[in-house]
Amino acid sequence: MTMGPTWYLRRLSRMGPREVGGRTVDAVRRRRWRSARPRCPRVTGARFTAVLPPGTLAAVPPDAAKRLVAEADRLLAGHARYFGVDRDDLADPDWWYDPKTGRRAPWGHAFDVPYRDEETVGDIKQIWEPSRHQYLTVLAAAYAVTGDERYAERVALHLRSWWAANAPLRGVHWTSGIELGIRLLSWVWIRRLLDGWPGAPGLFEDNPVALRQIWHHQRWLAAFPSRGSSANNHVVAEAAGQFAASCAFGWFPSSARWRADALRSLERHLRSNTFPSGLNRELATEYHGLVLELGLAAVAEADTAGVPVPPSVRLVLLRMTDALAAVVDDRLRPPRQGDSDDGHGLVVDGPDTDRWGSLLTTGDAVFGRLAWWPEVPGTDVRTALLGALVRPYGKGGATPAVRRPADRPAHFADAGMTILRGPDGIWCRCDAGPHGFLSIAAHAHADALSVEVRHDGVDVLADPGTYCYHGQPEWRRYFRSTLGHNTLEWAGADQSVSGGPFLWTRHARSRVLVADTGGEVGRWCAEHDGYRPVVHRRRVELSAADRELRVVDEVRGDRGEVRLVFHLGPAVAAELTGNRAVLSWDRDGEVRSAGLDLPGELSWRAHRGETGPPLGWYSAGFGRKEPSTTLVGTGVADGTRRFTTVLGFHG
């Protein structure tokens, strides 16, 4: 997907004067860097002291260690899976190759690489992901828990290969700050986890090639931070990686300055990226997880190095952890909201470890769990490692304890999210939040007033997900469209206006009118102005006694065609007769069912796995999609019309 002049004009229109000035400075600096050949300062006597405390590895749960080693053995055999693509070439990887398209990114100066152009470069996510080196942190962790030097030797072989193939400022891996930031964090943890291996000093602090790479990564991040309308999760990753490296690899003349600047940026952007309630302002749950992981990893480096952290940093991370505990369903699944690209901040576990349960376990170790937190049945490796490095909240000079929610929050007014709960794991998310974050709302979807409903962790009315970013514009449009969510489309248009794959030029504004989550019947009502002068208002009621969810959509204003959409989860089968659908699914060997009574004023059809145009799809993770059933009701609204939908769960 290439960006033409029209896109650049739209993008420029979403920037303020300060951002334009900053990007102009960046452009001048890039031009100067083309001719300048800076030399990494000479480093002598470097030592790595940011090691794990004694006894840390003994605290790793045996079952978590077993899962980790199983994954490490797969990696040793060269097998991995990235975004739905199985790879068997990681024993000796080609760092610039995309196995999905078969293309190889071109060589050249980093500032010349058209990384958004899939025809030239390939799928950039497939190329970038292995070079975050998070599979190497898994191998390094396997060495740490087993002492088996095969894992350490493979890590060393791949790092030396990567450093040789990716000279500073050459090629696709020097084009995006988030990639450099996460890679630095991985290197810090690789060095820490390999500390017992005799070859570790020769791989890092006694290796001029490694020192040069670390210095150039930090120099790049200091020079080209994400700015203004792009200061979302990317800038947090950049700051966290820069801070971690300048703490653990503080061997350079600029290390103290880089560390101080990165900490200021991290503190500022953790606050700006997070609502006071603790939810991430991008309103994209996967990025809530990414930012929380990055923040916890950064605090671990600060405490290890004895660097004071502003109290607001720990406070934001505490609120994010409590918010996560509040919104997950009974199976510890959070909302599927906004964009998702399966990004992680720190990976030291096997893929079968539950990410969200792991984050809550780590949160318990660092902050302490509250009485209303859900129980976490699983185990992980990360908690033992981070918990050994981070000072417990309120102790040892950390921020004093603050007031935390006495009961489980259900309504997050600043984020426009409300969670209604019923018996047997009935969970309903109602959305009336801002349309994403900052002026471009890069990771937002046109999903105002959408609902997401689960029963015992199974998606019944599902948010279809994300699937892709670059290279497949028709699919990108579908998964972020109004039609791609459980809401109402008017006159064939999205509620918000897209200007490109990560750009919205007009944002629908929503407001919550009622949010009553207590009592026998939970009630929520909200409206948005995305179709102004037409107004779409939605009312949702969840009756615990009746095990029934009632959704009433009201459209007021001009005459126009409406489409009311309900996406079913991939496990749900539907038999549609007229305006009634009988839903059924399997949960742990038991058949569950529900009845969905749809508005009779509309004409209903079931769609599944259609491609021209896309309709009836579900993406469980980035790069993956599967057919699912989507029910679409079509009709006309004129003046004021109400459409009532009732979802009743059977006992």
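This is a predicted model: local features need pLDDT of at least 70, side-chain atom pairs count only at pLDDT 80 or more; totals for chains, interfaces and linings use all residues.
Rolling a probe the size of a water molecule over the atoms shows where empty space is left. The structure contains three cavities of 30 Å³ or more. The largest cavity has a volume of about 130 Å³. Its lining comprises 18 residues, and those nearest the centre of the largest cavity are D431, P434, H435, H445 and D447. Sorted by class, the lining of the largest cavity consists of six nonpolar, nine polar and three charged residues.

The second largest cavity holds about 100 Å³ of space. The residues that line the second largest cavity are L279, N280, L283, A284, T285, H288, L324, V327, P335, Q337 and M417. Helix 13 (285-305) and helix 14 (311-327) are the elements that give two or more residues to this lining. By class, seven residues in the lining of the second largest cavity are nonpolar and four are polar, with no charged residues.

An open sheet is built from five strands in the order 3-4-5-6-7, and the pairing is antiparallel. Strand 3 (411-412) and strand 7 (458-461) stand at the edges with a single partner strand each, so one side of each has no neighbour in the sheet. Helix 14 packs on the sheet, where it touches strand 3, strand 4 and strand 5. The direction of helix 14 makes about 40° with that of strand 4.

L420 has C428 in strand 5 as its bridge partner.

Strand 6 (residues 451-455) pairs with strand 7 in the antiparallel sense over three bridges. In this pairing, V453 stands opposite L461 in strand 7. Strand 6 and strand 7 form a hairpin with two residues between them. In the turn of this hairpin, D456 has a positive phi of about 55°.

A helix pair was also described. Two packed helices are described by the angle between their axes and the distance between the axes. Helix 7 (residues 149-165) packs with helix 8 (residues 177-193) at an angle of about 145°, and their axes are 13 Å apart. The crossing of helix 7 past helix 8 is left-handed. On the helix 7 side, V155, L159, W162 and W163 meet R183, W187 and I190 of helix 8. By class, this contact has six nonpolar, no polar and one charged residues.

Several backbone features lie in loops. Most residues other than glycine have a negative phi, and most peptide bonds are trans. L332, although not a glycine, has a positive phi of about 65°, and L332 is placed in the loop between helix 14 and helix 15 (355-367). The peptide bond from R532 to P533 is cis, with omega near 10°. P533 lies in the loop between strand 12 (521-531) and strand 13 (534-543). A cis peptide bond also runs from G612 to P613, with omega near 0°. P613 is located in the loop between strand 19 (610-611) and strand 20 (614-615).

Notes: Residues are numbered from 1 along each chain as its sequence is written. Side-chain values use heavy atoms; hydrogens and water are left out. On a 1 Å grid over the protein atoms alone, a cavity is a set of points where a 1.4 Å probe fits but cannot get out, and a pocket is an open set with protein on both sides within 12 Å along at least five of seven lines; lining residues have an atom within 4 Å of a point. Grid points are joined across faces, edges and corners, and a volume is the space filled by probe spheres set on the points. Ala, Val, Leu, Ile, Met, Phe, Trp, Tyr, Cys and Pro count as nonpolar, Asp, Glu, Lys and Arg as charged, and the others, Gly among them, as polar. Helices (H or I, at least four residues) and strands (E, at least two) are DSSP runs, numbered from the N terminus. Two strands pair if DSSP finds at least two bridges between them. Contact means heavy atoms within 4.5 Å. Axes are lines fitted to C-alpha atoms, for helices over the stretch in contact, and angles run from 0 to 180 degrees between N-to-C directions. A crossing is left-handed if the near helix is turned anticlockwise from the far one by less than a right angle, and right-handed if clockwise.
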